[in-house]
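Subject: Structure handover

Hello,

Please find the structure below, followed by notes on what was found in it.

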Amino acid sequence: KEDFTSNVKYILKSTNSDKILYIGQSQGAAQAVVGINHLPEMSERLSALVLLSPALFLKKPDNAVVQFLMENVPGLGYRIIFPLIALAQCLTPNFILLPFSHWAMGAMGWYRSPIGWDASKILFKGTPSSGTSAANMMHWVNLSNNEGDIEFDARKVKCPTYCYVGSHDDVIDAKKNRKLNFKASKSEILSLRAWLWPC
C-alpha cells in the first residue's frame with residue numbers, strides 16, 4: 001500500500017507537477033487502488049487512473065507449471081531465485097534472451113496472444129518480480145493460491161478512472177473485474193477479448 005503513494009509523491013516532486021496520469025498493469029494497477037484506499041487524498045494528485053487488468057480479484061493460474069511453482073516453492077526459494085533471474089536477464093545477450101523469453105512466457109502462460117520481439121524482451125525483464133520485493137511477491141502468490149480478493153473500497157477512488165478488463169492474465173478473475181464500479185465523476189469499465197499489453 002505504501003509503494004504506490006511513495007512512487008507518486010516521488011514523481012510529483014521530481015517533475016514539479018501538480019498531477020500525473022497513472023497507468024498500472026496487473027499488480028501495479030491493484031496497488032494503485034489499494035494505495036488510494038490507504039491515502040484517499042492521492043486521488044487529487046492524479047489527472048486520471050488507467051487500470052489494465054487490475055489484480056484485485058485473484059484465482060489459481062490455469063497454467064499447470066505456474067500453479068505447481070506457486071504452490072510448492074517456499075518464500076526462501078523466491079528470495080534466492082529473484083536475484084539470480086535478475087542477474088541473468090541483465091547479462092544475457094538479446095540473441096539468446098529473446099528466443100528464450102518467447103518460449104518461457106508462452107510455456108508459463110504469461111501471454112496468450114502474439115507478441116513482438118521487443119515487447120517480449122521488455123516484459124520478460126520485469127518478470128517474475130516486476131521490481132517488487134520477495135515478501136510482496138509472496139503476498140501475491142498466497143492471495144492467488146487462496147483465490148483471494150484484495151480489500152478495497154472503490155468509492156474512495158475519486159479521480160477519472162478507466163479500467164480495461166483483460167481475460168488473458170492467468171491469475172486474475174476477469175469475471176469479477178467486469179463488476180468493478182468506481183464512483184468517480186468519469187469512469188469506464190471496458191471488457192476486452194484480447195489482452196492489450198504489450199501492443
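A contact here means heavy atoms within 4.5 Å. On that basis, residues 24 or more positions apart account for 79% of the contacts in the protein with a separation of 6 or more.

Before the details, two remarks on conventions. This is a predicted model, in which local features need pLDDT of at least 70 and side-chain atom pairs count only at pLDDT 80 or more, while totals for chains, interfaces and linings use all residues. Residues are numbered from 1 along each chain as its sequence is written, and side-chain values use heavy atoms, with hydrogens and water left out.

Overall layout

The protein has eight helices and four strands; these are DSSP runs numbered from the N terminus, helices being H or I with at least four residues and strands E with at least two. Along the sequence the pattern is α-β-α-β-α-α-α-α-α-β-α-β. Of the 199 residues, 46% are buried, where buried means under 20% relative accessible area, exposed over 50%, and partly exposed in between (1.4 Å probe, protein chains only). The protein exposes about 11100 Å², and carbon and sulfur atoms supply 58% of that area. Accessible areas come from the Shrake-Rupley method with a 1.4 Å probe; for residues, only the protein chains shown count as cover.

Aromatic pairs

Two aromatic pairs are present in the structure. Rings of Phe, Tyr and Trp (its six-membered ring) pair if their centres lie within 6.5 Å; planes under 30 degrees apart count as stacked, over 60 as edge-to-face and the rest as tilted. One of the pairs is Phe4 with Tyr22, edge-to-face at 5.0 Å centre to centre and 85° between the planes. This pair links distant parts of the chain, with Phe4 in helix 1 (residues 2-15) and Tyr22 in strand 1 (residues 20-25), 18 residues apart. Both Phe4 and Tyr22 are buried.

Strand 1 also holds Gln25, which is partly exposed at 28% relative accessibility. Gln25 and Ala55 are 30 residues apart in sequence, with a C-alpha to C-alpha distance of 8.2 Å.

Charged residues

How many salt bridges does a search of the whole structure find? The search finds one, a salt bridge being a side-chain nitrogen of Lys or Arg within 4 Å of a carboxyl oxygen of Asp or Glu. Arg155 forms a salt bridge with Asp153, and their closest N and O atoms are 2.9 Å apart. Arg155 is exposed, with a relative accessible area of 51%, whereas Asp153 is partly exposed at 22%.

Lys59 is in the loop between strand 2 (46-52) and helix 3. Lys59 counts as buried because its relative accessible area is 19%. Leaving aside neighbours within four places in sequence, Lys59 is in contact with Ser144, Glu147, Asp170, Val171, Ile172 and Asp173.

Surface patch

Val65, Phe68 and Leu69 form a nonpolar patch on the surface, with about 260 Å² of accessible area together. Patches are made of residues with over 30% relative accessible area and no salt bridge; like charges are joined within 9 Å, and nonpolar side chains (Val, Leu, Ile, Met, Phe, Trp, Tyr) within 5 Å. Leu69 lies in helix 3 (residues 64-72) and is partly exposed, at 32% relative accessibility.

Cysteines

The structure holds zero disulfides, a disulfide being a pair of cysteine sulfur atoms within 2.5 Å. Cys159 is buried at 3% relative accessible area, and Cys163 is buried at 1%.

Regards
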